[in-house]
Amino acid sequence: MPVLVIVGAQWGDEGKGKIVDVLTEKADIVARYQGGHNAGHTVVINNSKFVLHLIPSGILHKNTVCIIGNGVVVEPKALIEEITDLKKRGIKVSGNLIISRNAHLIMPYHLIIDSASEKTKGKKCIGTTGRGIGPTYVDKMARTGIRVGDLLNPEAFREKLRTNLRHVNFMMKNLYNMPAFKEKKIFDEYMGYAGTLRKYIADTDVIINKAIAEKKNLLLEGAQGTLLDIDHGTYPFVTSSNSIAGGACTGLGIGPTKINSVIGIVKAYTTRVGSGPFPTELHDEIGASMREKGGEFGATTGRPRRCGWLDTVILKHSTAVNGFSGIVITKLDILDGLDTIKICTSYRYKGKKYTDMPKDLAILENCTPVYEEVRGWRENTRGITDFRKLPGQAQSYIRKIEELIGVKIVIVSTGQKRDELIMLQEQF
Ligand code: GDP
Ligand code: IMO
Ligand code: MG
C-alpha cells in the first residue's frame, strides 16, 4: 500500500504522532496536509520525548523526507523554533524538510484577531489554541492570504502586506480598540525568516507526484481529527481546515485515485480540548482517572482534555466521511483496571433513537448516550506486543469495536513508546 493517509477519527490527540513515527520506518516521504501549529504530536523514543507541532512526525527518522503541504498554515517563527530545537537534539532537518511554496503564512495580525474574536464571543467561544489558524484560513479563502512563496519576492510580499494592513488596522482601531500594526516591523521580521526558510521552499506537489509515479511509500499525515473538520465536524466548534482524508488530496495536490489506504486513529476512549458537544463526556472520577492516567493535557496549550467513553456513533460517521480501510486503536493500556467499560452505540433525544450522528448541534449537545457495557480487565496491558497475550476481555473489547464500526483493526497501541504496539497487519 504505497500511499497511505493517517487521520484522527475523534476530536484530535488520538496518538497520530506515535503511529506516524512507527509507520515512517518504511516510508520514503511523510507529508502533512492541513492545520498548523495548533497541533501537538508527542512521540516518545526510548526515554526522550519530542513534541511536534508543524513538522511531520516522520522527521525523527533520518532517511525520510518530510513535507509541509500547501494545505498547511505556517507560522514562520514557530517553524524556525521547531527546526532549531530538533537540530539541537541531533535530528537531521536540512535536506529532509521541504515546505510548499503555496502554504499560507500565519501573520502577527492573525494571532491577535484569533484571540480578540474569541474574547468577543465570551461564553460562546470555540476555545481555539490562539495560534491564528482560523483567521489565516479566512484570508486564504478571501484570496488575500500571503503565501510561503511570497517570502522569496520581497516586493510582492510588501504589496500584499500593505493592502492587508489597511483592512486589518481599520478593524484594530474600530472593532477591537487595539494598536495598529506597523508595515515595516512585520516586513523586516518576515524577511528575516525568509533568509532562514529559503532553502526549504519548493513546489511540493511535483515532488509528491513524482514519488508516487516511482512507487515510493508515502505517509500522508492529517492533524486534528474528523470531528474537528470544518465541514464534517461539530461546526462551529471545529478547526478551520479539512482534516478528513479528502484534505490530503487538496492539501498536497494529488488525485484521489492515488490513495491506496486510509487509516483512522481511534483512542480507546474519547477526549476533546476546547468547547463543543461531547455526548459521552464523563464528569466523574472515571473521567478524571482517564485524564490522569492518560496524561490528557494539551500538548500545545497544556489545557486539561475533557474525557469520556468510546463513542461508536461518531466513529461510524468518521468511517463514512473518511472511507477508513483500517483502524488503529491507541491507549488501550489506559483502560486497565476498570471493572466495566462502556461503549456508546446510539443516542436518545426526545424519545427518538439516533444511530447516525445527528448534524443538528442542539441534538448532539443535549442527547443521552446509550451504552453497551462490557467487562473490563484487571491485568496490565502496557507494552504487550502479541494480541494473544492481551487479557481475554481486552481482546473482546477490541473485537467489539471492530464489529460495531465494521472496519478491520490493524494496529493496537499499548504504550507511549515505539515498540509498545501490536501489529496485526503491516501497512507498507
Ligand atoms: P496526536 O495529536 O494525535 O499525535 O496525539 P497527542 O500526541 O496529542 O496525544 C497522545 C498522547 O498519548 C501522547 O502523549 C502520546 O505519547 C501518548 N500515547 C500514544 N499512544 C499511546 C498508548 O498506546 N498508550 C499510552 N499510554 N500513551 C500513548
Ligand atoms: P492534534 O493534531 C485537539 C481544537 C482546539 C479548539 C478547536 C479550534 O494534536 O490532534 P484552532 O486553534 O484550530 O482554531 O482551534 O480545535 N484543536 C485541537 N484539539 N488536538 C488538536 O490537534 C487540535 N487542534 C485544534 O482546542 O477546540
Ligand atoms: Mg495532539
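Accessible areas come from the Shrake-Rupley method with a 1.4 Å probe. On this basis the protein chain, which is a predicted model, exposes about 18,000 Å². Carbon and sulfur atoms supply 51% of that area. Of the 428 residues, 58% count as buried.

The overall dimensions were examined next. A compact globule with 428 residues would have a radius of gyration near 22 Å, and the protein chain agrees with this because its own value is 22 Å. Along the principal axes, the C-alpha atoms fill a box of roughly 65 × 50 × 40 Å. Among contacts between residues at least 6 apart in sequence, 76% join residues at least 24 apart.

The secondary structure of the protein chain consists of twelve helices and 20 strands. Ten strands form an open sheet with mixed pairing, in the order β9-β7-β5-β2-β10-β1-β11-β15-β19-β20. The edges of this sheet are β9 (201-202) and β20 (421-423); each has a single partner strand, so one side of each is left without a neighbour in the sheet. In general, strands of a sheet pair through backbone hydrogen bonds, either parallel or antiparallel. The parallel sense is found between strand β15 (residues 326-330) and strand β19 (residues 409-413), which pair over three bridges. Within this pairing, I327 has I409 of β19 as its bridge partner.

Some backbone features of the loops were also recorded. Most residues other than glycine have a negative phi, and most peptide bonds are trans. The peptide bond from Y235 to P236, however, is cis, with omega near 5°. P236 is placed in the loop between β10 (218-221) and α8 (246-252).

A positive phi occurs at R143, with a value of about 65°, although this residue is not a glycine. R143 lies in the loop between α4 (133-141) and α5 (154-174). Residues over 50% relative accessible area count as exposed, and R143 is therefore in this class at 76% relative accessibility. K331 is likewise not a glycine and has a positive phi, of about 60°. The loop that holds K331 runs between β15 and β16 (340-349); β15 is also the strand that pairs with β19 in the parallel sense.

Conventions
Residues are numbered from 1 along each chain as its sequence is written. Chains are lettered from A and ligands numbered from 1 in the order in which they are written. This is a predicted model: local features need pLDDT of at least 70, side-chain atom pairs count only at pLDDT 80 or more; totals for chains, interfaces and linings use all residues. Side-chain values use heavy atoms; hydrogens and water are left out. Helices (H or I, at least four residues) and strands (E, at least two) are DSSP runs, numbered from the N terminus. The radius of gyration is taken over C-alpha atoms; the globule rule is 2.2 Å times the number of residues to the power 0.38. Buried means under 20% relative accessible area, exposed over 50%, partly exposed in between (1.4 Å probe, protein chains only). Contact means heavy atoms within 4.5 Å. Two strands pair if DSSP finds at least two bridges between them.
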